[in-house]
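Open the model in your viewer and show it as a cartoon. We will go from the sheet to the helices, then to the cores.

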Amino acid sequence: MTYDKTVDYLFNCAPPFQQVGGAAYKEGLANSIALDNHLGNPHSRYRTIHVAGTNGKGSTSHTLAAILQAAGYKVGLYTSPHLIDFRERIRVNGKPVDKQFVVDFVEHERDFFEPLEPSFFELTTAMAFSYFAQEEVDIAVIEVGLGGRLDCTNIITPELCIITNISPDHTQFLGNTIGEIAAEKAGIIKKDIPVIIGEATEETRKVFTQKAQQEGAPITFAEENSHILQATHSSRGIEYTTRYHERITGELRGDYQVKNANTILAAVHALLKKDYKITVDNIRTGFANVCSLTGFMGRWQTISNAPRTICDAGHNVGGIKHVTGQLAHEQYTTLRIVFGMVGDKDINSVLAMMPRNAIYYFTQASIKRALPADKLREMAKEHGLLGSIHPDVASALAAATNDSAAGDLIFVGGSCFVVADLLASINRQSDL
């Protein structure tokens, strides 16, 4: 098969969660263990860092990978979902997995995995672990897909665990309370393995502390001894004054990155205790060049300056809270929002947070889970949000752009799949 046909096969034989939602979810680690044993336990051939949490996993994972790359390590990076190309999920030193490896993996292993009927994520996780072993990485940063305890990445024994934060998301699988969700995320905490908690509430702190004590895992709450003393926005990004690493410029923008940066620096501090060779210059290089070093996209990303157009992949209550907070600090004449969501999120809670002083361009991403734009507009009306309907993200953005005058701001978001469609359309236009 060609690469394109192989990816089509993966999407059709094991549809990803991003396409079909809950139907793609398989609870338990049996398939992951079976695949891992069949492949010779590839994850045991390199060190790993495990990153869980509701929001901030992507920024944390990519920035840590960038810092480790700058320090001279050969770094695997496994994240999800992808925005444009499947290969974004599996990277080594920022370079996406080789197309031929994807083809060969499926052709060589399908006789084994087809009878298992693995989920898309189970299969791609096994592929990632095998690729990292083949490439002989020094360390791999592994982002949890969903939850933690029963996530198929949870077969690894990492050097360090990180849980960024907890907010309501995927409640149909992880529980209806913050405590229940925290317990699922805490499932990545392993015996004697240090764990960094980025943000905690009184409720989640109890859950994490109890689990860490059960496992004898040293636990650090990053907020208790903040590594960030001051953060100011500049034309280059966010300028951080830090407690231990002097001044650092963060390429990733958005106020929410300040908390991510504090979590990342706490993680670096833990790695230094494990004798990782990471200098202040390595940290600065990683923070300042995370996008070019790792291929990161879609986090408060400026895609145009005429009119100024920003996208962000925040898609749940916690993520949208950060987005709306950032929008409140922006200056503009008119705020125009290209907006779409998937149907299995807490839509009304998100809509209640969105700014009412904006003109909306309601749309839908090109996935089955997308909430139809007309239904989204009707729900939005109940929250005082008004605007027009557009059949796809590209046409919604075109309408917003045509309506814009000097000083207007266009924001594109509501779903990582809306951002994916946006970036894919820009990518197609650049290829013309």
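This is a predicted model: local features need pLDDT of at least 70, side-chain atom pairs count only at pLDDT 80 or more; totals for chains, interfaces and linings use all residues.

Eight of them form an open sheet with mixed pairing, in the order β4-β3-β2-β5-β1-β6-β7-β8. Now go to the edges. β4 (95-96) and β8 (219-221) are the edge strands, and each pairs on one side only.

Pick Ile196: its bridge partner in β8 is Thr220.

Select residues 202-215. This is helix α9, which lies across β6 (160-163), β7 and β8. Helix α9 runs at about 160° to β8.

Next, select residues 257-273, helix α10. Helix α10 lies across β1 (47-52), β6 and β7. Its angle to β6 is about 165°.

**Look into the cores**

Show side chains for Leu10, Phe86, Ile90, Met127 and Phe132. They have the most contacts inside the largest nonpolar core, a set of 34 residues. Colour the elements that give two or more residues to this core: α1 (3-13), β3 (90-92), α5 (99-116), α6 (120-134) and β5 (139-143). Which of them gives the most? That is α6, with 10 residues.

Centre on Ile90. Leaving aside neighbours within four places in sequence, Ile90 is in contact with Leu77, Tyr78, Lys95, Pro96, Val97, Thr124, Met127, Ala128, Tyr131 and Phe132.

Last stop: select Val51, Ala65, Ile228 and Val268. These are among the 31 residues of a second, separate core.

Conventions
Residues are numbered from 1 along each chain as its sequence is written. Side-chain values use heavy atoms; hydrogens and water are left out. A nonpolar core is a set of buried Ala, Val, Leu, Ile, Met, Phe, Trp, Tyr and Cys residues joined through side-chain atoms within 4.5 Å. Buried means under 20% relative accessible area, exposed over 50%, partly exposed in between (1.4 Å probe, protein chains only). Helices (H or I, at least four residues) and strands (E, at least two) are DSSP runs, numbered from the N terminus. Contact means heavy atoms within 4.5 Å. Two strands pair if DSSP finds at least two bridges between them. Axes are lines fitted to C-alpha atoms, for helices over the stretch in contact, and angles run from 0 to 180 degrees between N-to-C directions.
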